[in-house]
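This report describes a structure for a reader who has not seen it before. The sequence and the model come first, and notes on selected features follow.

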Amino acid sequence: MNNKSKKEDTYYESIIKKGYSRRDFMKFATAITAFMGYESTMVSQVVKALETKRRIPVIWEHFQECTGCSESFIRSDHPLLADLILDNISLDYSDTLMAASGHNAEEAKQESMKENYGKYILVVEGAIPTKDDGVYCTIAGRTAVDILKESAEGAAAILTFGSCSAWGGVQAAHPNPTGSVPVDAIIKNKPIVKIPGCPPIAEVMTGVVVHYATFGTLPELDSMGRPKQFYGKRVHDTCYRRPNFDAGLYAESFDSEEAKKGYCLYKLGCRGPVTYNACGTMEWNNGVSFPIKSGYPCIGCSEDNFWDNGPFTERLTNVPGMGIEATADKIGKIVLGATAVGVAGHAILTNLAKKKEMNAAQRMADENKKRIKE
Ligand code: FSX
Ligand code: SF4
Ligand code: F3S
């Protein structure tokens, strides 16, 4: 941490110094290109950037949160990536992940912020309580509001990891007793990238950090400040149960045969149709599964206000913007319960013409079931 010789190395140099081979490096470059959401044709550009760019310091603040976002982040499934993020990209300060503690840690942060003024990335996890002068979250005797303002001042950009720092999170749920707000309610003069999810997918978080580290620019954002490559589609658009939704095949209870067969979980409350996230394509734990694949409906954990949109097992009455490929920008801010296309109407398939479609969907559900078993 805060090691000057490391700061002078390019990413490539530091990777080689760690004892990795050129071949390892190339594999790594291919993996992070995919994490960033790019096609494999971008690998050579990523290689070039890693060969020439020097590390970017990261200051990582934790406020009102459960630390699930850090837990998710450190499970990025690539050893070299973990090395790069946790060491060479360097967390100059993270009160969860750094080795230093107490006064030493606070001094290291001050030193890094001064030395890297205008250049470091500020990662924020957790919401910021504003009620009663911010007393509901203090670190080293200072309020979260105070600390955030100070660390934001010299930041080149701010990444809000998790729905808490992006939207306010569960702390801001009605009646929001501590007056919790997201980062952009306090910081108005810095580029802010929102990476919501409770927690976000590990590869999405690392993808955004590595994007900035390799290209020196922020990824393209949607109108709500989320990177388009990860939040451009609804969970519903990439859900493997989608053919069953389209065919009107819905599970009626959690323990039913239909639920196991891969029938759609819409009637069990699934928020996939109004949730923008990459769970359907990237999945979790190195692509092992995601809530819907594990048999539980999406609760919309990456959406603003999701905590007040329960009960989660109650089905949505209406779903706006049912076109596949619909993006958040096209639909505008999604409000659960907004009027547009009534899913309930869509669901009722009784005529014979639909029978064929249902049989085809049934076959697909069986194949999915087989896939899940494998
Ligand atoms: Fe919030 Fe992250 Fe949910 Fe938890 O730190 S987004 S409560 S997973 O951990 O901030
Ligand atoms: Fe998948 Fe949910 Fe959409 Fe059904 S409603 S297809 S389970 S995202
Ligand atoms: Fe969250 Fe829904 Fe994905 S609950 S983890 S956005 S499937």
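Glu303 and Arg226 form a salt bridge through their side chains, with N to O at 3.4 Å. Glu303 is in the loop between α15 (279-282) and α16 (328-331), while Arg226 is in the loop between α10 (202-215) and α11 (228-231), so this pair ties together parts that are 77 residues apart in sequence. The model is a predicted one.

Both partners fall under the 20% limit for buried residues. Glu303 has a relative accessible area of 10% and is buried. Arg226, at 0% relative accessibility, is buried too.

## Other salt bridges

The structure has 14 salt bridges. Another of them links Lys194 and Asp184, whose closest N and O atoms are 2.8 Å apart. Lys194 belongs to strand β9 (residues 192-195) and Asp184 to the loop between β8 (180-181) and β9, so the bridge ties together parts that are 10 residues apart in sequence. Lys194 is buried, at a relative accessible area of 7%, whereas Asp184 is partly exposed at 28% relative accessibility.

A salt bridge also joins the side chains of Asp146 and Arg142, at 3.6 Å from N to O. Asp146 counts as partly exposed, with 39% relative accessibility. Arg142 is likewise partly exposed, with 27% relative accessibility.

## The largest pocket

How much space lies in the largest pocket? The volume is about 240 Å³. This pocket is lined by 14 residues, and those closest to its centre are Gln229, Phe230, Gly232, Lys233 and Thr281. The element that gives the most is α11, with four residues.

Sorted by class, the lining of the largest pocket holds four nonpolar, seven polar and three charged residues. Domain 1 (4-231) and domain 2 (233-343) each supply at least three residues to this lining.

## The second largest pocket

The second largest pocket has about 160 Å³ of space. Its lining is made of 15 residues, of which Cys279, Pro291, Cys298, Ile299 and Cys301 are the closest to the centre.

Which classes of residue make up the lining of the second largest pocket? There are 12 nonpolar and three polar residues, and no charged residues.

## Backbone features

Two cis peptide bonds can be described here. One joins His174 and Pro175, with omega at about 5°; Pro175 is in the loop between α9 (163-167) and β8. Another joins Cys198 and Pro199, with omega at about 0°; Pro199 is placed in the loop between β9 and α10.

Positive phi values also occur in residues other than glycine. Ala140 is not a glycine, yet its phi is positive at about 50°. This residue, Ala140, is in the loop between β5 (138-139) and β6 (142-143). Is Ala140 buried or exposed? Ala140 counts as exposed because its relative accessibility is 63%, and the cut-off for exposed is over 50%.

Asn176 has a phi near 45°, which is positive although the residue is other than glycine. Asn176 is in the loop between α9 and β8. Its relative accessible area of 19% makes Asn176 buried, since buried means under 20%.

Technical notes: Residues are numbered from 1 along each chain as its sequence is written. Chains are lettered from A and ligands numbered from 1 in the order in which they are written. This is a predicted model: local features need pLDDT of at least 70, side-chain atom pairs count only at pLDDT 80 or more; totals for chains, interfaces and linings use all residues. Side-chain values use heavy atoms; hydrogens and water are left out. A salt bridge is a side-chain nitrogen of Lys or Arg within 4 Å of a carboxyl oxygen of Asp or Glu. Buried means under 20% relative accessible area, exposed over 50%, partly exposed in between (1.4 Å probe, protein chains only). Helices (H or I, at least four residues) and strands (E, at least two) are DSSP runs, numbered from the N terminus. On a 1 Å grid over the protein atoms alone, a cavity is a set of points where a 1.4 Å probe fits but cannot get out, and a pocket is an open set with protein on both sides within 12 Å along at least five of seven lines; lining residues have an atom within 4 Å of a point. Grid points are joined across faces, edges and corners, and a volume is the space filled by probe spheres set on the points. Ala, Val, Leu, Ile, Met, Phe, Trp, Tyr, Cys and Pro count as nonpolar, Asp, Glu, Lys and Arg as charged, and the others, Gly among them, as polar. Domain bounds come from an automatic or database domain assignment.
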